[in-house]
Amino acid sequence: MDKLNTALPALLATDPAAAFPATVSDHGAGGDIEPPTAADRMLHAALGRMTSGVSPAALALAWLDWTLHLAQSPGKWARLTEKAWRKAGRFGEYAARAAAGQATPCIEPLPQDRRFSGEAWQRWPFNVIQQGFLLNQQWWHNVTTGIGGVSPHHEQVVSFAARQLLDTMSPVNYIATNPDVLRATCAEGGMNLVRGAAHFADDWRRMLADRPPAGAEDFVPGRQVAVTPGRVVLRNRLMELIQYTPTTPDVHAEPVLIVPAWIMKYYILDLSPRNSLVKYLVDRGHTVFMISWHNPTEADRDLGMDDYLRLGVLAALDAVGAIVPGRGIHTAGYCLGGTLLAIAAAWLAGRRDERIRSLTLFAAQTDFTEAGELSLFIDDSELNILEDMMWRQGTLQTGQMAGAFQLLRSNDLIWSRIVNDYLLGTRAPMNDLMAWNADATRMPYRMHSEYLRRLFLKNDLFEGRYRIDGTPVALADIRAPLFVVATETDHVAPWKSVYKINLVAGADVTFVLTSGGHNAGIVSEPGHRGRHFRLARRGDGDTWLAPDDWVAATPPSDGSWWPAWADWLEADSPARTAPPPLGAPAHGYAPLDPAPGRYVLER
C-alpha cells in the first residue's frame, strides 16, 4: 500500500495517451475511445485485484440482461414451475424407493461429471443426497438458459456463474454428506483431517512465499525434466533457441522448428525422457530446434505481438536457415505459439518467402468465434479491467492466469483437490506434467492486450484484418501443407474451433482429433494406455465436411498420433544426410549454454 501511495501522484500526472499505446486503446466500435486517465486506471486495477480480474460491470450487465428478460417471460416461469413440481415428485418417489433399497437413479450425471461415480454414493442415504443435488443442478441450468432475448454471451456468463455457485454447495465438498470422507474420518479417528490441516498450512506457506507446490522440487528443468541434450544457439531479449544434439548417425535433411506458447514453459514438449516429444523426434533422426521464451517482467511491459513475431518466430527461422542452409523448415506451434506461427506463415507466404516446408499446429486456434468457455472472460468490460490491472503491474501475473483456467474445470482442478488434500488428507503424487503446470509464466501488458482484442474479441486474423507493417495477412495465402492436431476435451482450444482452419486453408490439411485435453492429448507418447485418434486428409479443393460429419466419417485408431505425424514429416523428404553442426558461429549463432538454457529457469 505504501508503494501505491508513493506511485500514485506520479501516475496521475502521466499523460494518459503516452501510457496507453494506440494499438491497445483502439478498441471501440469506431476506434475513437478516449485514452483513460491514470486515475481511472488505478481505480480499475484496484477493483480487479479485489475481484481476481473479474469485471463487476460485466457480471452486472449479464445478470441484468438475464433477469429483465426472465421477468418478462411468464411462459418461461410457468415452464420452470412445472419442471420444479415434476422434479420434486420424481425425487420424492425416488427417496421412498431408495429407503426401501429398490431405487433406480432418476437422473444421471453428465458424462464429464465423475463426482458421484464411487460405490458409496449409490447407497442410502448418499444416493438420495446426490440425486437431489443433480436434479437441482439440472433445474438451475433450465433457469439460466433458453430465455428469448438474452445475448448468448450473457447467457453463458450467468449459466457459468450459477454452475460455480452450485459446485460450492456440492455434497462432495462437505464432511457430513461425503461418504468417503465420513468413512475415513471414522476409521482414522479424525487423523485424515489433521493431515489435511497440515497440507493446508503447507500450501498456504508456499503460496505466501511464492514457492511451487509440494513435490515440484523433484521435477527441475535440466535435472529430471527438459533433459534432452542440446545447446542454446541464439539468445535475444525475448527467447532462447535450443538446437538438440543428434542421436542417430545420419538425420533427415529438413529440420524441425517448434514454437511453444509463451503462456507456458516450453518443456511441456520435453518432459521426462519417456514422454518427451523432442526426444522422440531426435531419436527418429530429426534435427530439432525449440524456442524457449523469456518469462516477462515489468520491464517488458511494452513488448507486443509484432515483437514476438520478429524476435521469436522470424529470428528463429533465420537462425535455423543459417545452421541448416538450403533446406525447407518443418515448423510446429503449440497453442498460442501455433497461432503466432500461423500468422508468421501467412505473412511470409504473402511475401513469397518459401522457407516454411510444412506447418503443424498443436491445439492452436486461428478462428476465435467458438473459443469455448474461455470466452466467458473476454468482452470489452472484462478486457478493460484486465488491461488496467496489467498496466499497473506491467504483466498479467501467473496466479491471475491460472485462476481463470482452473475455474473452467473447477470440479477437477479445485474442489476435488480440496476434498482429497484437506478432507481425506491424501496427496496425489506429483508427476512431471503436474509440476510443469505449476511452473507458470507471466504475459506482457501490451502483447496480451493486443492478443485478446485483435484475436479473441475481433477475430482479425481469421477475417483477414490482422496487419503487420500495415499490410493485412491472410491465412489463405499459406501454401505449405498443414498437419493440425486438436484434442477431444480441450477447454482452452475446443476442437471444433481448431477444425475451422479447413475453411480458409489454401493448402492440403491433415486433421487429427486425439483423445485427451489441451495438454494430455498432446503429450501422448507411444505406449500411453487408452489413447486413440482420428486422422483424415483434406486436399485443396476437396468438399468441406462439418465437424460432426467429419467425426462420423473418420474411424478412430488406437494408440498415439506421434508416429503418424513423424511419418507425415518424413514423407517425400530428401535423402538423409550427416547431422549439421550445433550452431553456426560464422553467422553469429555460436553455441552458448547447454539445454535447457537460462530462460526456462526464470520464475
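A: Let's start with a term: a nonpolar core is a set of buried Ala, Val, Leu, Ile, Met, Phe, Trp, Tyr and Cys residues joined through side-chain atoms within 4.5 Å. Please keep in mind that this is a predicted model.

The largest nonpolar core holds 142 residues, and those touching the most other members are Leu 241, Leu 257 and Trp 561. Helix α12, which spans residues 305–323, gives the most to this core, with twelve residues.

Leaving aside residues up to four places away in sequence, Leu 257 touches Leu 241, Phe 289, Ile 291, Ala 316, Leu 317, Val 320, Ile 329, His 330, Thr 331 and Ala 332. Another core, of 17 residues, lies apart from the largest one; Phe 126, Leu 135, Val 181 and Val 419 are among its members.

Now have a look at Leu 452, in helix α18 (residues 445–457). Buried means under 20% relative accessible area, so Leu 452, at 5% relative accessibility, counts as buried. Not counting residues up to four places away in sequence, Leu 452 touches Ile 378, Leu 383, Leu 386 and Leu 457. With Ile 378, the separation is 74 residues in sequence, and 7.5 Å in space from C-alpha to C-alpha.

As general background, nonpolar side chains tend to be buried together in soluble globular proteins.

Key. Residues are numbered from 1 along each chain as its sequence is written. This is a predicted model: local features need pLDDT of at least 70, side-chain atom pairs count only at pLDDT 80 or more; totals for chains, interfaces and linings use all residues. Side-chain values use heavy atoms; hydrogens and water are left out. Buried means under 20% relative accessible area, exposed over 50%, partly exposed in between (1.4 Å probe, protein chains only). Helices (H or I, at least four residues) and strands (E, at least two) are DSSP runs, numbered from the N terminus. Contact means heavy atoms within 4.5 Å.
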